[in-house]
Structures are given as structure tokens and as C-alpha cells.
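This report describes a structure in short sections. Please view the sequence and the model together while reading.

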Amino acid sequence: MSTLVNHTFDVEKLRKDFPILSREVNGKPLIYFDNGATAQKPQSVIDAVNRYYSYENSNIHRGVHTLSQEATSAYEEARRKIQKYIGAQLSEEVLFTKGTTDGINLVAQSFGKHFLKVGDEVVISAMEHHSNIVPWQMICEEKGAKLRIIPIDDQGDLIMDEFKQMLNSKTKLLSITHISNTLGTVNPVKEMIDLAHEKNVPVLIDGAQAVPHQKIDVRALDCDFYAFSMHKMFGPTGVGILYGKKEWLDQLPPYQGGGDMIKTVTFEKTTYNELPHKFEAGTPNIAGGIASAAAVDYLNELDWEAVRAHEKELLDYASDQLKTIEGLRFIGEAKVKASVISFVVEGTHAYDLGVIMDKMGVAVRTGHHCTQPLMERFGILGTVRVSFAFYNTKAEIDTFIKALNRAIKMLR
Amino acid sequence: MSINERQEEVIEEFSMFDDWMDKYEHIISLGKELPLINDAEKKDENLIKGCQSRVWLAADLKEGKVHFTADSDAVITKGIISLMIRVLSDATPAEIAEADLFFVDEIGLKEHLSPTRSNGLVSMIKQMKMYAIAYQTKV
Ligand SMILES: Cc1ncc(COP(=O)(O)O)c(C=O)c1O
């Protein structure tokens, strides 16, 4: 690994690491602008999955034989790599989950069961993904607690004054997205965490959309929980991470029962295993966990300053081009945005635009993006969303704009 | 004309197009021409919620034959609806209930009936058949 920062960002070279980017769709070169849904995988991640099943496959934490030991150490090594990557202090603060949704449900259930009482409040925002709404609705209903929603303005920024007023002695938890998957808004999470902590309110950050665009540092943020999905950060599907401060994880009861999470079981009483295993019942996605290390290795090699500059350039370039289209309205014009753009076009339906662009090889997302309350806030049913990754190019944006114009012409 | 004869007719019509653009332009124009459903029928009971587009469907039994009207907010969905109505409407409940809609595959629109599209079309066809089955007891 080179310690020298490489300031020449060679996107064409990076693209070669992602085999899928050279395939065709409907006879046209694929333009993949649906990175917010899931990111593509570099060859090294694909190879890691393959290598695991070809050479190492065995169950972890349970065997004395060589294979099991090799797989266990690879899996635990992956945990330590992820720990270092996100700046966690201890590897036991890094829990493997199925994904962001699973991590949020874990906190909602374990924290909720233990700490929520009638009349307590959980704070989320108007721009949350359904994954950061429904788990809270479920536990709040069960416990007689109240869900409070931080409103947003027309640009798609949180109304911070309202948030500040919302924090009170009944507030038990703040759960907020780092970056909005629909609007691209980058929320001032550090400021919010500090404000919440002043009132002794712990904070869960939904980092699903942040990890593909930046390196996060959970200790610098000082968040209590941080959930994300490996598949959105160029790793395998079916694996996520829930970071939790040890002081919290120690207090929370297990989420699911089963193998691996126990120390001793009798029919009278079970004692739980230590962290992180207390929260990891059953055989996990071993291949995915191990391949996550390959994704982290890949991301460690990236020059994140250059990635940020490149993505900003893509965002600005695409926004400027889109502005020239008659009847196009942006949904989400926050002060600080990630490379995610949602829009609607007068006289057309997002679904129709998506279908026609797909015919031209351009993959975009259409619909409500699992943020129906947010759609309602803007008085729409859905948008077209383009979300860029570092391997996207301006040339691809040019083709996308042509495809979009063509689709609009066909539809109007 | 039987449902199968109508399907053959649609297949014949679509065989003229050799590229996707022409085909989609045709579907879009069918969508734009689809006679609108009665406003009174655009009520929630008739709404089929797809994740991506919404579809309204109403049915009516006249002289032993089922008549469908439908609408959608997405024009491509609407164009495909128009084909469905052309094929299935004005047929007996028994014929509709048993219909095998082979034309969709033949004209290369199968992808629109895939569940991942969530455009409401799959549910609409199911609903059309449900109406037909329900009407079978009335004729
Ligand atoms: C902001 C946000 N939160 C949560 C999720 C859920 O992630 P997953 O489906 O990987 O659990 C997503 C995925 O789209 C997301 O964008």
C-alpha cells in the first residue's frame, strides 16, 4: 500500500477494476447511475467471495479443524479491518449484520425493549428511508412511546431550530440519516450529535448513503450507533455493520437468540456470550464478511480527497446540464449535497422516463425510493434519481442527458 | 373475434416495428389514445397500487360480456393497458378467466409484467381475471 497521496485521479483506470462496467445493456454500453441502490463491486471483492467458497468454506467459531480456524480468523480479521476503517476503538464494537435495515432493527428492538417507556420520545426526520421509520414505529407502538419528526424546508435541509426544540427530558434517542438517499442532503450530523449529547440523548446514524461517498470516523463523530450496508460501499450484499459504543452494547439485551450468541444454555437459564457475539446469533454471511475486508482494502487505496473532488464535479456538471431542460424541477437543493440528484419533469412520469432510458442503457432509479413520507412532503409520488459513484464520468452524464432529452421528447 | 384471434392481430401489428424506438412510440401513442376511464370510476376501490405507477380498473357486465375501462398515471403502462383491454374486453367471463396472454411475450413486452417493475400491470391482469371469475356465476 502506498502512503503517497496520488492526486491524479484516473477514473478510466479505476473503471477497469469493476468488470460489470464494461457490459452492455440493451445493446448499449451500460451507464450505471443507480449507485444509491447498490454499488458495483471491484474484481478483488468478487475474487474474495470466490476464494472463500473454493478454499476456505467452513463454519466459523465452532470447529477445531484447520478450515474452520482459517475461516474464523479471516472473518475476525475482516471485523478488525472494518473497525480500523471506521475509526472504532474496539473490534467488539463492530457487529456484523445483514445490512443497514437489520442494524437499525437491532437497535430499535434491543434499545427499545430496555429503555423505552410510555410517554418517551424517539426523534427521526422527515427525510428518513422506510428502514429508519418503520422499526421505530413498531417499537414505539409496542411501548407507548412517541415518534417525533424533524421537519425539512423546501430545499431539503433539516429545520435545525425545530430539532433543537424537540430535544427534551422525554427524548430517549435520535435516529437520523447521515445523507438522504432521495435528496442527497448531507445532514450536519456532528452538530446534531453534540446537541443531543448535551441533553444526554444517544444518537444512531443511518450511514447507508454516506459510506460510498466518504470515509467516516465514528469516534470523531462521537455517535453512539452507526449503521451501514457493505453492498453500498462496493462490498458484497447481505452484510452490514452496526457500530455501537461498548458502553451501550453492554447494556443492551440480545436481539435474537440462537447459536454463537450464548455462553451456556440450560432449559432454566442461558448466559449470553460476550460482545460482539452476543448480537450475532446463528451462522452469519461468512463469505460476505470476509469479502468485506477486500472492499475495505480497496477503499483504503483510494485518495478520498480526489474522490470527493471528482464526485463534486459530477454533481455540479450534471446539475448544470439538467437545469437547461425545460420543465425539470429538482427535488432536493440542500446547501451541502452528495452526488445524488432527484428530479421530476413536467408532462412526464418518472416511470416512463426510467423505462425509456433503460432502453438506451442508462440505469436510473424511479419511484419513491422508500421515502414515501418525504414524497408526500413535496407533494409528488416519485422522482427520477441519479446517484453517482467515483467510477462515473462526465462522458456518461452527456449520454444520460441525451437519453433523457430523447425520452422527454417521446413522452410529451 | 376470439381472445386468441385478437392476440394474433396485436402480434401482427407489432411485427412491423424493427427497433425499440418505433415500438415504444407506438405504445406511447396507444397510451395517449386510451379512452379515459369515467372520473367516477377513478376511486380508491378501483386503484391498483404499483410501487412505480398507479392503475385504475373498472369492469362491467353487459349482455354476457365483460367490458373493462382502465387508466394509469404512466403513459407506457397505459399503452400496455390499452392492449390488454383490446385483447380481453368484450369477451365472455369464461373466455377471460381461461385466457393465456401469449401476445405479451411475442411482442417483447414481457419485462413489463415482471414483478420488479411494480407498475401495477401484474395486479391489473390478476384483477381482470378475478372480475371474470366473479361474473361467471352471473351469466
Ligand atoms: C438512507 C438509507 N437507509 C437505509 C437503507 C437500507 O439499506 P439496506 O437495504 O441495505 O438494509 C437504505 C438503502 O437504500 C438507505 O438509502
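## Burial and overall form of chain A

In this predicted model, 58% of the 412 residues of chain A are buried.

Along the principal axes, the C-alpha atoms of chain A fill a box of roughly 70 × 55 × 40 Å. Its accessible surface comes to about 17400 Å², and carbon and sulfur atoms account for 51% of that area.

## Secondary structure and contacts of chain A

Chain A contains 14 helices and 17 strands. Among its contacts with a separation of 6 or more, 71% are between residues 24 or more positions apart.

## An enclosed helix

Helix α12 of chain A spans residues 350-359, and nine of its 10 residues are buried, so this helix is largely enclosed by the rest of the structure. The buried residues of α12(A) include A:Tyr351, A:Leu353, A:Val355, A:Ile356 and A:Met357. A:Asp352 and A:Lys359 are also among the buried residues of this helix. After α12(A) comes A:Gly361, which has a positive phi, near 85 degrees.

## The ligand and its surroundings

There are 13 residues around the ligand, and those that come nearest are A:Thr101, A:Asp206, A:Gln209, A:Ser229 and A:Lys232. The shell consists of one nonpolar, 10 polar and two charged residues.

An N or O atom in the side chain of A:Asp206 is 2.5 Å from a nitrogen atom of the ligand. For A:Thr101, a polar side-chain atom lies 2.5 Å from an oxygen atom of the ligand. In A:His231, a polar side-chain atom is 2.8 Å from an oxygen atom of the ligand. Taken alone, the ligand exposes 390 Å², of which the protein buries 85%.

## Chain B

Chain B has six helices and three strands. Read from the N terminus, its elements follow the order α-α-β-β-β-α-α-α-α. Its radius of gyration, 14 Å, is close to the 14 Å given by the globule rule for 139 residues, so chain B is as compact as a globular protein of that length.

The C-alpha atoms of chain B fill a box of roughly 45 × 30 × 25 Å along the principal axes. Of its 139 residues, 48% count as buried. Residues 24 or more positions apart make up 65% of the contacts in chain B with a separation of 6 or more. The accessible surface of chain B is about 7000 Å², with 49% belonging to carbon and sulfur atoms.

How values were computed:
Residues numbered from 1 in each chain as written. Chains lettered and ligands numbered in written order. Predicted model: local features only at pLDDT ≥ 70, side-chain atom pairs only at ≥ 80, totals over all residues. Heavy atoms only, no water. Near = heavy atom within 4 Å. Polar contact = N/O pair within 3.5 Å; in protein donor to acceptor, adjacent residues only side chain to side chain. Areas by Shrake-Rupley, 256 points an atom, 1.4 Å probe, with all protein chains shown as cover. Nonpolar A, V, L, I, M, F, W, Y, C, P; charged D, E, K, R; others polar. Helix = DSSP H or I, 4+ residues; strand = E, 2+ residues; numbered from the N terminus. Buried < 20%, exposed > 50% of the residue type's maximum accessible area, 1.4 Å probe, protein only. Contact = heavy atoms within 4.5 Å. Rg over C-alpha atoms; globule rule 2.2 N^0.38 Å.
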